[in-house]
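Subject: Structure handover

Hi,

Here is the structure I promised you. Please open it beside this email and follow along.

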Amino acid sequence: MDWGMKNRLGRVIKGGRTVMLAIDHGYFLGPISKLEDPGKAVGPLIPFADALMPTRGVLRNCIDPEADIPIVLRVSGGNSIIGKDLSRESITTSIEEAIRLNVSAVAFSIYVGAESEHQTLMAFSELVNQAERYGIPTLAVTAVGKELEKRDARFLGLSCRIAAELGARFVKTYYCDNFEKVVEGTPVPLVIAGGPKLETDLDVLQVVSDAIKKGAAGVDMGRNVWQNEHPVAMIKAIRAIVHENVDAAEAHKLFLGEA
Ligand code: 5RP
């Protein structure tokens, strides 16, 4: 791996682990609860995140350019939650724009098994070709659209492997039963999304802990952090699991101590 590629990836995944904070939801969901003002939501969390995942619009308008945080830029879109086909995403942001914005990586959603499977896989491959030219790592997001029930080891294992085969330098997926099978079949680091807000704080910490124990490199979570009543306490507890191998019960105590 080239120095530039290694350096950028190493800024996001530090010592093999990462706590990424996803704030890109508006690109198809609009101003969802607690992310109406992304700058306000994320400002207090930045010191505890290893990387941020915004779109270029939010990055430009809501994130302090002096903030010392690596950016994993979402560069796919073209769909909306009320549109006909949630899987129909293309590249929205050129590689030159990503370079101009000084990003550490670019992110794109692939929709395996969906109507636009071929289109998203080919667009992702094109993004890999462009990004590799400049030593920029690509993050493939194994999207499921509205079909949350798709999140099992068979589907996610298939999606993650395809992403890696097409050249993703790291992959974002979901935690699931038999997650170790997904890890085993994916020869690049995996980070997990949180999905819609879970019922309890302990549930969130348990998912993170289980994912790390089974081989995830970390998290790229959004709603389960900034929709929490105590987002700073939550991200700090997640950090303790990811970077200090604290278990879920211990992290929960830390959370309660900070909340
Ligand atoms: C959608 C995304 C989202 O930005 C991300 O997955 C959402 O994070 P979370 O589910 O933790 O709120 O990549 O495909």
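In which loop is Asn178 found? Asn178 sits in the loop between β8 (170-174) and α8 (179-184). Helices (H or I, at least four residues) and strands (E, at least two) are DSSP runs, numbered from the N terminus.

Two notes before we go on. This is a predicted model: local features need pLDDT of at least 70, side-chain atom pairs count only at pLDDT 80 or more, and totals for chains, interfaces and linings use all residues. Residues are numbered from 1 along each chain as its sequence is written.

**Two asparagines**

Asn178 is not a glycine, yet it has a positive phi of about 60°. It is partly exposed, because 14 other C-beta atoms lie within 10 Å. The cut-offs are these: 20 or more other C-beta atoms within 10 Å of a residue's own is buried, 12 or fewer is exposed, and in between is partly exposed, with C-beta atoms placed from the backbone.

Asn102 also is not a glycine and has a positive phi of about 60°. Look for it in the loop between α5 (95-100) and β6 (105-110). Asn102 has 11 other C-beta atoms within 10 Å, so it is exposed.

**A buried alanine**

Ala49 is in the loop between α3 (38-42) and β2 (51-53). It counts as buried because it has 24 C-beta neighbours inside 10 Å. Leave aside neighbours within four places in sequence, and Ala49 is in contact (C-beta atoms, placed from the backbone, within 7 Å) with Val19, Met20, Leu21, Ile69 and Ile235.

**A helix pair**

Two packed helices are described by the angle between their axes and the distance between the axes. Take α9 (residues 201-213) and α12 (residues 248-258): their axes come within 9 Å and cross at roughly 135°. So α9 is oblique to α12. Angles under 35 degrees count as roughly parallel, over 145 as roughly antiparallel, 65 to 115 as roughly perpendicular, and the rest as oblique. Axes are lines fitted to C-alpha atoms, for helices over the stretch in contact, with angles from 0 to 180 degrees between N-to-C directions.

Which residues meet there? From α9 come Asp201, Leu202, Leu205, Gln206 and Ser209. From α12 come Ala248, Ala251, His252 and Phe255.

**The ligand**

The ligand is surrounded by 13 residues (C-beta atom, placed from the backbone, within 6 Å). The closest are Ala22, Ala193, Gly194, Gly222 and Arg223.

Best wishes

How values were computed. Two residues are in contact if their C-beta atoms, placed from the backbone, lie within 7 Å.
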